[in-house]
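Subject: The structure for you to look at

Hi,

Here is the structure I said I would pass on to you. Have a look at it first, and then read my notes below.

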Amino acid sequence: MFMTYADPIINAFKWGILAELNVYSILFRLFLAILCGGIIGFERAVKHQAAGFRTYILVCLGSTIAMLTNEFLMITTNIGDPARLGAQVISGIGFLGAGTILLTSRNQIKGLTTAAGLWGCACLGLAIGVGFYTVAIFGALVIIVVFAILPKIEDIMTSRAKSFSIHIEFNETENLKNFISYVRENDLQIYSLDKNEAYEGSSLSVYTISLIMLDKKDKTNHTTYIKQFEELEYVNYVEEIGVVKKKM
């Protein structure tokens, strides 16, 4: 048999029939894959991410079907590798995830979390397909926590960091010198400055600048600095890279 032990949840609720490959276990695993993928996908869809409700369901469901097929082949032929199809899913999902990663015109990398989420959802489907329900259920809960709660904690931590990066648009190229003088006067140091070639030919001079707060006792929030930069008459637009502006 492919399954030589019962999952902890199966033992706890005496659902031995779900440890074997039969109509009931197949339907249960498919339903669980749709449920877990759907919940994760719904959370992503609400936040208008590239991969949403249907995508996560299909990824989780497809991974589950792959493992069910692998288990069926093992039982019917009594030969083969029990992890072969699962290994192909793990490597193959990388192509799907890579398609969601983009470098924007403002030198911001978008889609890394989506790519990681799809990979995690695929692994979730593999656990469901093999009948490892405990890992599948608790794994889905952890993924949802990572998506829904950790961003708030991350925002608090990054807002207090002594370094931050900005996308800034000047009205003229000469304004860069004025800005450099301004940040030095406000105990800030520039450790990285890149001109954004995507705006070449426009009337704007656009840069990606990384700054360090020199005064370790300075408790000024990044948002305060961004507002100060916005008030400069020669700055057309500025925003902190990596921070999603909340819609009012």
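Predicted model: local features only at pLDDT ≥ 70, side-chain atom pairs only at ≥ 80, totals over all residues.

A polar contact is a pair of N or O atoms within 3.5 Å; within protein, one of them must be able to donate a hydrogen and the other to accept it.

Let's begin with Ser205, which sits in strand S5. Ser205 counts as buried because its relative accessibility is 2%, where buried means under 20%. Apart from neighbours within four places in sequence, Ser205 is in contact with Ile168, Glu169, Phe170, Glu172 and Thr173.

Now look at the whole strand. S5 covers residues 205-213, and eight of its nine residues are buried, so the strand is largely enclosed by the rest of the structure. Which strands pair with S5? One is S3 (residues 163-170), which runs antiparallel to S5 and is joined to it by eight bridges. Within this part of the structure, Phe164 stands opposite Leu211 of S5. Another is S4 (residues 188-195), also paired with S5 in the antiparallel sense, over seven bridges. Here Lys195 has Tyr207 in S5 as its bridge partner.

**Salt bridges**

How many salt bridges are there? The count comes to three. In one of them, the side chains of Glu71 and Arg29 meet at 2.9 Å, N to O. This pair links distant parts of the chain: Glu71 belongs to helix H3 (residues 53-77) and Arg29 to helix H2 (residues 23-46), 42 residues apart. Are these two residues buried or exposed? Both Glu71 and Arg29 are buried.

Glu43, Arg44 and Lys47 are linked in a network of salt bridges. Arg44 pairs with Glu43, with their closest N and O atoms 3.0 Å apart, while the side chains of Lys47 and Glu43 meet at 2.8 Å, N to O. Glu43 is buried because its relative accessible area is 12%, and Arg44 counts as buried at 5% relative accessibility. Lys47, with a relative accessible area of 35%, is partly exposed.

Next, please find Thr134 in helix H6. Thr134 has 16% relative accessibility and therefore counts as buried. Its side chain makes a polar contact with the side chain of Asp7, at 2.6 Å. Not counting residues up to four places away in sequence, Thr134 touches Asp7, Pro8 and Ile9.

Finally, there is a nonpolar patch on the surface, formed by Val142, Val145, Val146, Ile149, Leu150, Ile153 and Met157, with about 600 Å² of accessible area together. Helix H6 (133-148) and helix H7 (150-159) are the elements that give two or more residues to this patch. Met157 has its place in H7. Is Met157 buried or exposed? At 60% relative accessibility, Met157 counts as exposed, since the cut-off for exposed is over 50%.

Enjoy exploring, and write back with any questions.

Best wishes

Technical notes. Residues numbered from 1 in each chain as written. Heavy atoms only, no water. Patch = residues over 30% accessible without salt bridge, like charges linked within 9 Å, V, L, I, M, F, W, Y side chains within 5 Å. Areas by Shrake-Rupley, 256 points an atom, 1.4 Å probe, with all protein chains shown as cover. Salt bridge = Lys/Arg side-chain N within 4 Å of Asp/Glu carboxyl O. Helix = DSSP H or I, 4+ residues; strand = E, 2+ residues; numbered from the N terminus. Buried < 20%, exposed > 50% of the residue type's maximum accessible area, 1.4 Å probe, protein only. Contact = heavy atoms within 4.5 Å. Pairing = 2+ DSSP bridges.
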